[in-house]
Amino acid sequence: MAERVVMVDTETSFKGAHWDRLAEAVRPDRLVAVSSRDTAAVEAALEEAEIAILAGDLDRRHLAAPRLRWVHCDHAGLTRSARPEVFERGLIVTGSAGRSGPALAEHVLMFSLMLGYRYPDVYEAQKRHEWLRTPEMGGLRALCGRTIGIIGMGHTGRELATRAKAFGMRVLGYRRRDLPNPPGVDRMFSADRGETIDPILDEADILALVINLSDATHHLIDDRAIRRMKPSAIIVNLSRGGVIDQAALIAALREKRLAGAGLDVTDPEPPVADDPVWDTPNLLITPHFTAALPDRTERSLDVIIENLRRYRAGQPLLNRVTEEDVWTREM
């Protein structure tokens, strides 16, 4: 079989022993290392590359590459790489979803605990040297015994389900495929069965959004969805900002139709200085950045190396973007 050319972006996190491991997995094919910042080098490498491993998303240069068949983007949430022209071109696109799943699950629970325990109010009182108790701190809500609805049961959703169950929560899940329930999920709803997220909206004390942004999920949580939820409910979004109609969320929080929200992502991102999202009551924001796992790079490599094996064997690849993920809007 002819030697393949595998172009690897040196802006990825693979250094030292990690790079050596990747290089070994590429053999007997030929690895071409280029920086995505070096336009000329990228264009030259793409003239012969069959496989490209990128730190970020693909662009028109990759769509035009004459021999390119598979692009791996070393991150999760490949909305920018799920353009219609990718599928028209027949390009295989995969990502590193799952490498940060446990940390993202913890991030959801961090928001849930901070909002449920009204920690921002406690911290502000601490800065004032004020000892808040009752009645000011009435209505605190423990996670145990509450219902969490998880929209998106991929890597992060499954990690979140097991951790939520450890807190003694009732766990509802929603996903596209009709598959057996993963550990920790009490009831699963699926698009394959013609079900919607409405029953979860009705029951959830915490709604966790860990789903890909696509045409199908854009503004999935809109004014209609929010009005189905309990006034005591909390929304946490670790997906992409566009999954929520942000104006509707802000209005619901200001009108006290929701108890709180935690956003690691916003729309637009980052928000402009005078965006009302900054000053919305009971809304916590983190800047699209979660804690790193000590083995995150190793987890990324595991996905890439397994996919190299599958690609050579003609088997389905892990974390492949499909036409169900298509994104036709601007970002």
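Tutor: Helices and strands are DSSP runs, numbered from the N terminus. The model discussed here is predicted.

Student: Is Arg118 buried, partly exposed or exposed?

Tutor: Buried means under 20% relative accessible area and exposed means over 50%, with partly exposed in between. Arg118 has a relative accessibility of 27%, so it counts as partly exposed.

Student: Which residues is Arg118 in contact with, leaving aside its neighbours within four places in sequence?

Tutor: With those neighbours set aside, Arg118 contacts Glu136, Met137, Gly138 and Leu140.

Student: What separates the C-alpha atoms of Arg118 and Ala2?

Tutor: A distance of 62 Å separates these C-alpha atoms, and the two residues lie 116 residues apart along the chain.

Student: How many residues has the largest nonpolar core, and which have the most contacts inside it?

Tutor: This core has 31 residues, and Leu207, Ile221, Ile235, Leu249 and Leu258 have the most contacts inside it. Elements giving two or more residues to the core include strand E7 (170-175), helix H8 (198-203) and helix H10 (246-254). The largest share, five residues, comes from H10.

Student: Which residues is Leu258 in contact with, leaving aside its neighbours within four places in sequence?

Tutor: Among them are Ile226, Met229, Pro231, Ile235, Leu249 and Leu253.

Note on methods
Residues numbered from 1 in each chain as written. Predicted model: local features only at pLDDT ≥ 70, side-chain atom pairs only at ≥ 80, totals over all residues. Heavy atoms only, no water. Buried < 20%, exposed > 50% of the residue type's maximum accessible area, 1.4 Å probe, protein only. Contact = heavy atoms within 4.5 Å. Core = buried A, V, L, I, M, F, W, Y, C linked by side-chain atoms within 4.5 Å. Helix = DSSP H or I, 4+ residues; strand = E, 2+ residues; numbered from the N terminus.
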